[in-house]
Structure formats: C-alpha cells, structure tokens
Amino acid sequence: MADWRVGTAQETLARLGYGVTISGELDTATRQALAEFARRHALPRTDSLTPEIVVALGYAGDRAFDPFGLHELAISTSAWSSARNAAVHAQGTWSPADPPRQTSNIWCYRDLHVCREAVAYILMGQLYTDVIEYEIDGWDADELTAHSASICMIDKLTINRSQESAVLVRSARGAGLAICDRTRSANKESVARLVSGSTVVASLNEEGMKYIRLGSKASSLMQRLRVLSNRSR
C-alpha cells in the first residue's frame with residue numbers, strides 16, 4: 001500500500017535531483033536515494049524514513065522551494081585543441097542538486113593550467129555565490145581532469161569532449177582532524193553530474209501525474225500531501 005510519508009520523501013528527493021519516482025512505495029531507487037541523502041548530510045546510515053531523515057528532508061525541501069534560475073546544460077569545446085589559448089566552457093546544474101538549486105558556470109584555460117567555477121546556491125533561505133579554482137591535472141584530445149583541495153575534502157572535475165559531459169567526484173580527506181569529522185562522514189565519496197537545470201525540477205509534475213493516475217487511493221494521498229504541506233508553511 002502506498003504511504004503518504006514515502007510519497008512526501010520522494011517528492012523532495014525528486015525536487016533535489018535524486019532521480020526517484022513518486023509512487024508512495026519504498027522501492028530500491030528510493031532506498032538508494034535515502035542512503036545517499038543521509039551520507040551527504042552526515043546522518044546515521046539508513047535507507048529508511050528515520051525521524052532524522054524526515055526532519056532533514058523537510059528542511060531541504062523547504063529550501064528547494066525558493067525560486068532560482070537554473071542554467072541549461074551547455075559544454076563548448078570549439079577551442080579544445082587550439083595550440084594557443086585552448087579553452088573549455090561548461091554550464092549547468094549539478095545533480096544531485098545539493099545544496100538545492102545549485103548552478104555553475106565553468107571556464108578552463110589550458111595555458112593557465114586552471115579551471116574556474118562560478119557557483120550560486122540557496123542555503124537556509126539565502127543566496128550564496130562563490131568562485132572555485134581547480135588545478136588542471138591533464139588535458140588530452142578527449143578529456144580534461146582537474147582538482148580542487150581543501151583541508152577536509154578534494155573535488156575532482158572531469159570534462160569529456162566526445163560525450164559532452166562533466167562529472168564532479170568529492171572525496172573526504174583530513175583523517176585525524178577533529179574539524180573534518182562531520183565533513184568526512186558526510187562526503188566519503190559523492191558523485192554529481194552537470195545537467196540542464198530544468199531536468200532537476202521539471203520532471204516533478206510528470207512523475208506527480210503518474211502518481212495521481214495510479215487510482216483513487218493515490219489521488220487521495222496526493223490531496224493529503226497538499227494539506228500537510230500547506231499546514232507546515
């Protein structure tokens with residue numbers, strides 16, 4: 001039987017880009033998404049709707065309702081192999097989009113051995129912007145790799161020319177440092193891909209309509225979700 005609590009969790013996970021279907025059933029994809037969400041937010045390991053997960057999803061869901069313009073995916077490689085001034089430009093939204101509504105604009109310059117990422121995101125109801133600098137490790141005919149390191153984590157950026165894709169792998173570091181304990185538990189390894197911003201949120205209505213079309217029980221559950229959502233605001 002479909003569970004409105006699971007449906008609520010799936011709605012939030014879908015809005016954050018975790019690729020789940022709103023069915024009200026605690027299926028494999030939902031369990032995997034819950035486990036990944038827990039890991040990213042330094043929560044106890046679980047693939048179920050624990051009280052901690054419910055509270056964290058509610059908070060993240062509220063933040064994800066904030067309006068924010070998202071880039072469409074675009075990876076420009078026209079100057080990839082130029083002998084001088086080779087450059088690559090990529091823009092889009094990292095998915096899973098966590099923090100919610102993250103949007104990025106990346107430029108890489110071969111002669112400078114550097115990539116710069118301008119990023120903006122919503123966190124605790126506020127808009128934040130930042131610039132992240134990556135040191136280029138490799139740049140061949142088809143792939144660019146770069147990294148950015150801090151005390152507690154390292155980000156590895158890969159841009160593939162033929163696949164027109166960008167992937168960001170985050171790994172924890174700083175073992176033994178107390179300041180990194182929380183970060184390390186939350187980010188042992190996470191993978192995000194650059195996608196069109198609309199894909200993070202646009203599928204929500206489509207999946208929601210599939211849920212409603214499951215029948216009268218699903219329709220009544222959706223009505224309950226709306227009522228509970230209105231009460232919580």
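**Close-up views of a predicted protein chain**

**View 1. The whole chain.** The protein chain holds seven helices and nine strands. Both are DSSP runs numbered from the N terminus: helices are H or I with at least four residues, strands are E with at least two. The model is predicted, so local features need pLDDT of at least 70 and side-chain atom pairs count only at pLDDT 80 or more, while totals for chains, interfaces and linings use all residues. Residues are numbered from 1 along each chain as its sequence is written, and side-chain values use heavy atoms, with hydrogens and water left out. Of the 233 residues, 40% are buried (under 20% relative accessible area, 1.4 Å probe, protein chains only).

**View 2. Helix α1.** This helix covers residues 4-15, twelve residues in total. From first C-alpha to last, α1 reaches 17 Å, close to the expected 16 Å (1.5 Å times one less than the number of residues). Buried residues of α1 include Val6, Ala9 and Leu13. Just after α1 comes Gly17, with a positive phi of about 90 degrees.

**View 3. Strands β6 and β7.** β6 (residues 143-149) and β7 (residues 153-160) pair antiparallel over seven bridges. Strands count as paired if DSSP finds at least two bridges between them. Find Leu144: its bridge partner in β7 is Ile159. Three residues form the hairpin link from β6 to β7.

**View 4. Strands β7 and β8.** β8 (residues 165-172) runs antiparallel to β7, joined by eight bridges. Ile154 has Ser171 of β8 as its bridge partner. Four residues lie between the two strands of this hairpin. In the turn, Glu164 has a positive phi of about 50 degrees.

Methods:
Buried < 20%, exposed > 50% of the residue type's maximum accessible area, 1.4 Å probe, protein only.
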